[in-house]
Amino acid sequence: MARSSSEPILWTLFSAGGVVAALLVPVHLFLFGVALPLGWLRAPSYEHLMALAQLWPVRIYLFLLCSLPLFHWAHRFRYTLYDGLRVKHLNEVIFTLCYGGAVAGTLLAGYLIWSS
Amino acid sequence: MEQKPPSNTPIYTEFHPRWYRRHVSVYWWLGQRQYLKFILREVSSVFVAWFVVLTLLQLRALRVGPEAYARFVHWLEHPATIVFNVICLFFVIFHAITWFNLAPRAMAVKFRGKRLPEIFISAPNYAMWIVVSVGVAWMVLR
């Protein structure tokens, strides 16, 4: 079975994504989703963010920030649907949609980050 | 080659017998706090995915130009977006805390033959969380 042999790598991606989601996502979300829109902090300029996003270490950082948490989501969401909603009979479809979504998001992130 | 079993033993077939199973409701996780916590933790992944969508939209707006980025920022300032992002932040922090508290159980570090207390593994995680968060904020805001 291709699926069971890919399980270790998928689990590694899940846990790497879990680390990224725990360490980095809260501060990003706090800044861009809450603190800056509410005017608690002085907003960075477009030029500053653009310059930052073009540095190559930041590009790699942004790529990992987008990609790994998607694989984290894919793994957890898949099991939430299997166990939480008890829809195990659909697991082929769920597997394809979850990891397909993660791969699509990764490709999109790569395109957005490296094409500018 | 059929074998006739002795009369006092059951006949085995390739098929499972119907066993008694209690029906588990779709809402099984509402019954207990632990189950609810488990489901909330699992659901946090949806908000993690939302964050990625948000970041992809931000990267796209940055790439298109200053006007597009201003529109994106304007959308972020909409009250509904803020409320949703606050809920999202709650779940993401919930994920972070459960993740850091789980780490000591996932890796059993031994020191001089004894297992280190959990706090020795989770505390550095929290310290790193603070350092990394301050670092990111400094890079973005400076």
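Student: How many degrees do the axes of α3(B) and α4(B) cross at, and how far apart do they come?
Tutor: Roughly 145 degrees, and the two axes come within 7 Å. Axes are lines fitted to C-alpha atoms, for helices over the stretch in contact, and angles run from 0 to 180 degrees between N-to-C directions. Helices (H or I, at least four residues) and strands (E, at least two) are DSSP runs, numbered from the N terminus. This is a predicted model, where local features need pLDDT of at least 70 and side-chain atom pairs count only at pLDDT 80 or more, while totals for chains, interfaces and linings use all residues. Residues are numbered from 1 along each chain as its sequence is written, and chains are lettered from A and ligands numbered from 1 in the order in which they are written.

Student: Which residues make the contact between α3(B) and α4(B)?
Tutor: On α3(B), B:Ala96, B:Phe100, B:Asn101, B:Ala103 and B:Pro104 take part; on α4(B), B:Glu118, B:Ile121, B:Ser122, B:Asn125, B:Tyr126 and B:Trp129 do. Contact here puts two C-beta atoms, placed from the backbone, within 7 Å.

Student: And what classes are the residues in that contact of α3(B) with α4(B)?
Tutor: There are 7 nonpolar, 3 polar and 1 charged. Ala, Val, Leu, Ile, Met, Phe, Trp, Tyr, Cys and Pro count as nonpolar, Asp, Glu, Lys and Arg as charged, and the others, Gly among them, as polar.

Student: Now chain A. At what angle does α2(A) pack with α3(B)?
Tutor: Helix α2 of chain A, residues 25–35, packs with helix α3 of chain B, residues 79–106, at about 165 degrees. Their axes are 9 Å apart.

Student: What is that arrangement of α2(A) and α3(B) called?
Tutor: α2(A) and α3(B) are therefore roughly antiparallel to each other. The cut-offs are under 35 degrees for roughly parallel, over 145 for roughly antiparallel, 65 to 115 for roughly perpendicular, and oblique for the rest.

Student: How do the axes of α2(A) and α4(B) cross?
Tutor: At roughly 40 degrees, coming within 9 Å; α4(B) covers residues 118–141. That makes α2(A) oblique to α4(B).

Student: Which residues make the contact there, for α2(A) and α4(B)?
Tutor: A:Pro26, A:Val27, A:His28 and A:Leu31 belong to the α2(A) part, and B:Ser133, B:Val136, B:Ala137 and B:Val140 to the α4(B) part. They divide into 6 nonpolar and 2 polar residues, with no charged.

Student: Zooming out, how many residues does the contact take from chain A and chain B?
Tutor: 44 residues from chain A and 44 residues from chain B. On chain A's side, α1 (2–23), α2, α3 (46–54), α4 (56–84) and α5 (91–114) each give two or more residues.

Student: Where is confidence lowest and highest in chain B?
Tutor: Lowest in strand β1 (residues 110–111), at a mean of 77, and highest in helix α2 (residues 66–76), at 96. Those are pLDDT values, the predictor's confidence in each residue, from 0 to 100. Chain B averages 86, and 86% of the residues score at least 70.

Student: What ipTM and pTM does the complex get?
Tutor: The predictor gives an ipTM of 0.91 and a pTM of 0.83.
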